[in-house]
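Student: I have a structure open. Can you show me how to read it, feature by feature?

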Amino acid sequence: MSTFQGKVAFITGASRGIGAAIARELARKGANVVLAAKSIEKHKVLPGTILSVAEEIREIADRHQNGAKALPLQLDVRDANGVEEAIKATSGTFGHLDIVVNNASAINLSPTTEVAPKVYDLVNNINARGTWLVSRFAFPYLIESARSSRNPHIVTLSPPLNQSMFDPKQTPMKVFADTRALYAMSKFAMSTAAYAFAAEGAEYGIASNTLWPYTMIGTSAMRIVNPNEGAERSWRSPRIVADAAVRILEEDARVFTGRFLIDELYLRQSHQFSNDLISAYSLGGKDTPFKDLAEDLYITPEVRKAVQSYYK
């Protein structure tokens, strides 16, 4: 029996992209998934809704005959009352909650002088506040999950916090100049919260870790940020993040916590993924040279060196 059979995962931003990919992979392994996102009707540009992903989950469950179920909940993670009610609805439907995936995020790379205060509030309320709200209202249920030995985890999609990231002698400040202050503040606030959740959850046996892709990921949001023809060939599929996330969620929550993980490094170091397995995620085809892949934001020289070592 899968380690996820009967477990319940609450995933924000689950109507498309990485969130939807994680939901599909968990469903394949028998987990019940709560699809929490704003999109309930088809967007004129962005594909996917929580209803279309729920239908995919039903098809996956039928195909694998594992009983996995989907609960689509329309949710704006900025709404405290809405988040609290969504978590209650999760417990009311499935009886418990074991996994939280903080994936919902807004991106804005505008220069500081061009950012209106209301845009600042929007981005930080989704990224930082939304992550805190979902985790805050989930925490009592995760404590109960730990007491019932169901191995509770929080995974937050945000960049690694390490000393070299903030040392200009090691990581060029251009890393932050490219993304500007607003986005950097909001994403690193998510990482700070994730680490603090690990500290708070340790006494109960609740794990909290962050996960970040080494390369740009081919999501609908990325296609809007970078619509250049051919750009997608240098990106990877959301499946690499989903495959890493699901394996993180299988780790022992009592000891595997407070870590800042990079998808490729984690899959290689902890699960012995080969070059062939990693190259299969390339949207440009498995023969795409490593040097042609587009690095994601906030990749430090130490992370780059560690990943490059596998391609020598």
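Student: Which residues are buried in α1?

Tutor: Buried means under 20% relative accessible area, with over 50% being exposed and partly exposed in between (1.4 Å probe, protein chains only). Helices (H or I, at least four residues) and strands (E, at least two) are DSSP runs, numbered from the N terminus. In α1 the buried residues are Ile18, Gly19, Ala20, Ala21, Ile22, Ala23, Glu25, Leu26 and Ala27. Nine of its twelve residues are buried, so α1 is largely enclosed by the rest of the structure. This is a predicted model: local features need pLDDT of at least 70, side-chain atom pairs count only at pLDDT 80 or more, and totals for chains, interfaces and linings use all residues. Residues are numbered from 1 along each chain as its sequence is written, and side-chain values use heavy atoms, leaving out hydrogens and water.

Student: What covers the buried residues of α1?

Tutor: Look for contact, meaning heavy atoms within 4.5 Å. The cover includes β1 (8–12), β2, α2 (50–64), β4 (99–102), β5 (153–157) and α7.

Student: What span does α1 reach?

Tutor: The expected span of a helix is 1.5 Å times one less than its number of residues. α1 reaches 17 Å from its first C-alpha to its last, close to the 16 Å expected. Just after α1, Gly30 takes a positive phi of about 100 degrees.

Student: How much space lies in the largest pocket?

Tutor: Rolling a probe the size of a water molecule over the atoms shows where empty space is left. On a 1 Å grid over the protein atoms alone, a pocket is an open set of points where a 1.4 Å probe fits, with protein on both sides within 12 Å along at least five of seven lines; lining residues have an atom within 4 Å of a point. Grid points are joined across faces, edges and corners, and a volume is the space filled by probe spheres set on the points. Here the largest pocket holds about 1300 Å³. It has 44 lining residues, and the closest to its centre are Asn103, Ser105, Ala106, Ile107 and Ala221. α6 gives the largest share of that lining, five residues.

Student: Which element gives the most to the lining of the second largest pocket?

Tutor: α1 does, with six residues. This pocket has a volume of about 210 Å³. Among the residues closest to its centre are Ala20 and Ala21, both buried in α1.

Student: Is Ser191 buried or exposed?

Tutor: Ser191 is buried, with a relative accessible area of 0%. Ser191 lies in helix α5.
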